Amino acid sequence: MVRYGFRKESGEQALIGLGFVGITLLAALCVFGLSVGLLGHFAIGGLPHVTWEFLTEAPRNNNTEGGIFPAIYGTVLLVILMSILGVPIGTLTAIYLAEYSREDSRLTRWVRFGVNTLAGVPSIVFGLFGLGFFVQFVGKGIDRVFGLELVWGKPAIIWAAATLAVLTLPVVIVSVEEALRSVPRQLREASLALGATRWQTIRRVVLPHAFTGILTGSILAVSRGAGEVAPIMFVGAAYSLPELPKSLTSQFMELGYHLFVLSTQSPDVEVTRPLQYATTVVLLLTTFALNLVAVLLRLRMRRRRPLTL
Amino acid sequence: MATSPSASPATSVSRSNTRSPSLALSLQHRRPWYSELGERAAELILHTIAFSAIALIALVFFFVAREAVGILSAEQASPVSPSEATPEVYGAETTAPSAPEVYNPDASLEADNPDTSPTVEPTASAHSAEAATPPAPPLFQNLLGTVWQPVSQQPKYGLLPLVVGTLKVTIIALLLATPIGILAAIYAAFFAPRWLRETIKPVVELLAGFPSVVVGFFCLAVVASFIQQILGTTYRLNALVGGIGLSIAILPIIFTITEDSFSSLPRRLWEAGLALGARPWQVALRIMVPAATPGIFAAILLGFGRAFGETMIVLMASGNAPLLSWSPVEPVRTMSATIGAEMGEVVWGSLHYSVLFLIGLLLFSVTFTLNVIAEFWVRQRLLRRFRGSSS
């Protein structure tokens, strides 16, 4: 039998090859196991403790009893505010990058550089930025202009949401741009050929076509922000609050921060372990629920794509 | 690729739309007068908002720096802070010694690392100066000192233990995550059957989707006890536990970027290798991995940047005692954890407050530099390599 190849494979070589593939397989399994293991660990350890009372009651007795309803409420409110503040700006930037900019122009390159750099800034630095800019500068500024006495110029849910909006901005931009780029070129060309202007084309053709994609991307981006704790620790998240935030300038409880407080600042950490696990499960469910919505949207979009080119 | 030939005519049409008189004339009557205005306005607004990404970077830098500049003015204000002198230990159940007596200037070790080298040389002088004049050492020398004790009769803001702690934890994380991430990426890119490849990506996304506070909690509750049982360490929470936590956080980053750089390699490299009779593993190891080196390098850099600035994991799992030592089983406190732990209790506008912002500025600068390197240097090299080979 003829063997093709410049070298006959020796047994040693075959062994090295097997070993190499084996090691890489082991590493891949490691990643696999870590991911599934983490999920399983928290599901087994936490799900039995997630009761109706836990979800609907406020924490009692210095966070050692009761539920986490204020934290759930605060997290949901925070995510909504963050989306309102961040997603429109991110979407518009993405429209610029995908539709208006030319790849070789200097401004485009700078914008891309800015987006990438923003994505790499540590989250705690965003927290400092939120404190220095939103609370100290914007908030104090509003107070001074309107002659108020410390209403806006203190940590509040609106500043936490704004900080998180800045944090998630690069993710929103990247994912929305991807959605816009997936719109077939021919649609734009057809619209332009019919005499529509650039903006008309974007508004009537590109945006409707990419709508689901934009929604998916935004939700995914926002879900990343929902789990961030470091940026909001000192721009509004509260240790423990029995009542819900009443206005934009109230402080609030947040699931991630609550988990941090429960697991490190509690008088007796071991006693509250069940509470910690249950809080983790709720936090994970919140972020993964957002992800799940995005995935379902994506599936639906794939199924009824109107035209294939 | 049916799209590419039609691309250039289309853009030229859209541009000549407004310029060529005949075409504009024929369309004129359909467009209301405000159309042109709206068009201009839309473009202007989009330009402005797109510019905000750049502006934000500048704003972040400016406002963090603005608060940090306070160290110059706050210095004279009040050297003695009113609160009690008991040093706090965050991260609860540590039995760590809170007043660090460890005095271990391993200058030779630190000098290896470019990040600390600027701070290393002046340390010795700072020491002698501190010893010579105990009352209120000058701020600059205070910052370069070896003791971080911000809440005491005579606050000490030595950043060195924090920098060393950060580097220690980051290096542990990289040592753990880099091999696993790269090897797993090699498997996913070259050896995995199609279905496995399709599953491993969502799984990694899942791992990336775990909030860092959850990873921190996992390390605090599970990994810490596990490590203590196995290694019998004195402290339950230590640099190793923090490093393991960080490696969980950066593993998805390293995997994804490495995998991306593999899949962006031209397919002909793989095919040519196989055609020459090499085994798949030989092609992967001898051709593909070397070709993707800049991408792998970028993955490590970005992983380093993420680990360097990560807060919640180290705040929860690394023990938080600002010791100056290189031992991996002693508690450490990182720069980011210091901000996270102390910013909540600090007096606004005090020297301590400004020093915390200074640490933030330092974090920002380091990650910014890493990003610039990853962005320009690595990507340019990668591009040049393949542009050179294809033309």
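I call a crossing left-handed if the near helix is turned anticlockwise from the far one by less than a right angle, and right-handed if clockwise. Helices here are DSSP runs (H or I, at least four residues), numbered from the N terminus.

**Conventions.** I am working on a predicted model, where local features need pLDDT of at least 70, side-chain atom pairs count only at pLDDT 80 or more, and totals for chains, interfaces and linings use all residues. Residues are numbered from 1 along each chain as its sequence is written, and chains are lettered from A and ligands numbered from 1 in the order in which they are written.

**Confidence.** I noted an ipTM of 0.88 and a pTM of 0.80 for the complex. Then I looked up pLDDT, the predictor's confidence in each residue, from 0 to 100. Chain B averages 76, and 72% of the residues score at least 70. Residues 1-22 of chain B fall below 50. Residues 76-135 of chain B stay under 50 as well. Where pLDDT is low, the predicted coordinates should not be read in detail.

**Helix pair.** I took helix 9 (residues 194-209) and helix 11 (residues 239-263) of chain B. Their axes (lines fitted to C-alpha atoms over the stretch in contact) come within 8 Å and cross at roughly 145°. The angle runs from 0 to 180 degrees between N-to-C directions. Helix 9 of chain B passes helix 11 of chain B in a left-handed crossing. B:V204, B:L207 and B:A208 of helix 9 meet B:L251, B:P252, B:F255 and B:T256 of helix 11. Contact means C-beta atoms, placed from the backbone, within 7 Å.

**Chain contact.** I found 80 residues from chain B and 75 residues from chain A in the contact. Helix 3 (residues 33-68) of chain B brings the largest share of chain B's side, 20 residues.

I listed partners of B:V64 beyond four places in sequence; among them are A:V125, A:L128, B:F357 and B:F364.

**Burial.** I count a residue as buried if 20 or more other C-beta atoms lie within 10 Å of its own. Eight of the eight residues of helix 16 (residues 335-342) of chain B are buried, so this helix is largely enclosed by the rest of the structure. B:S336, B:T338 and B:E342 are among them.

Terms used. Contact = placed C-beta atoms within 7 Å. Helix = DSSP H or I, 4+ residues; strand = E, 2+ residues; numbered from the N terminus. Buried ≥ 20, exposed ≤ 12 C-beta atoms within 10 Å, placed from the backbone.
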